[in-house]
Amino acid sequence: MRSPSRNAAPPATWVLLAGATAAGLLLGPVNLLAQVTLPYPWANLANSPAVWAVAAFAVGVWGVRGLARVSVAGALLLVLAVESYYAAAVVFLGDDSATLYNPVAFIWMGFGVVAGVVFGTAGAWYRSSRRWRANIGLAALGGVFVAEALKDVLSGAFGLPTALILTGVALLVPLVLGRSRRHRLESLALVVPLALVGLVGYLIAM
C-alpha cells in the first residue's frame, strides 16, 4: 500500500494548530445552523458526535506525522467547537451565557479531548505506509458511525432513519476513502469490531 504522506510535506506545527483553531471556531456555529435549518432526520445527523469526529480525523490526515501534535490539534479543534457552538446559541438563539461554562459544557469538552486524540491519531494512521495502521485508522472513522447508530437504537435517542443514515455513512467511509481494493476490504472488515469498542465507550459515557 502506497502512502500519500510520501508525496506531501506535513504542515508546520503552528500552521496545523492555527488550522485546527479556525476549524473549531467554525464547526460549532455551522453545526448549530445545520440543526435549525435541515429537515429531520438530517438535523439529527448534523448534531452527531460521529460527524464531529470527522473534523478531528481530517486534522490528523492533514497533520500526517507526529502523533502528539495531531492529537493536540484534534483535541483543540473539538474543544473550541463545543465552546463556539454554545457561543453561537447565546448570540443567535438567546441562550443563557452560563451555558458556556456550566458542567454540561465541560463534560462535552472532556469528550472532545478524548475524541480529538483518538480521531486525530486515526487520521494520521490512515495515511500511514504501515498497512495495519492505515486499516485501523480508516475503520475507526467508519466504526464511530456504527457505534453511534447502535447507541441511538439502544437508548431511543433518535429514530431508526437517523440510525440507518449513520450506518450507511459507516459503510461508505472505507469504500470511498480506501486507497486500494485491499485497503477498502480490510478496513471494512474492521468497522464492526471497532464499532463495538466505540459502543462500550458510549455506554460508559452515558
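Reply: Here is a walk through the salt bridges, pair by pair. This is a predicted model, where local features need pLDDT of at least 70, side-chain atom pairs count only at pLDDT 80 or more, and totals for chains, interfaces and linings use all residues. Residues are numbered from 1 along each chain as its sequence is written, and side-chain values use heavy atoms, with hydrogens and water left out.

The structure holds 3 salt bridges (a side-chain nitrogen of Lys or Arg within 4 Å of a carboxyl oxygen of Asp or Glu). Start with R131 and E186. Their closest N and O atoms are 3.1 Å apart. R131 lies in helix α6 (residues 131–155) and E186 in helix α8 (residues 181–205), so this pair ties together parts 55 residues apart in sequence. Helices here are DSSP runs of H or I, at least four residues, numbered from the N terminus.

R131 is partly exposed, at 38% relative accessible area. E186 is partly exposed too, at 22%. The cut-offs: buried is under 20% relative accessible area, exposed over 50%, partly exposed in between, with a 1.4 Å probe and protein chains only.

E186 has another partner, R182, at 3.0 Å from N to O. These two are 4 residues apart in helix α8, about one helical turn. R182 is partly exposed at 47% relative accessibility. Shared partners join R131, R182 and E186 into one network.

Now K151 and D152. Their side chains meet in a salt bridge, 2.9 Å from N to O. K151 counts as buried at 13% relative accessibility. D152 is buried as well, at 0%.
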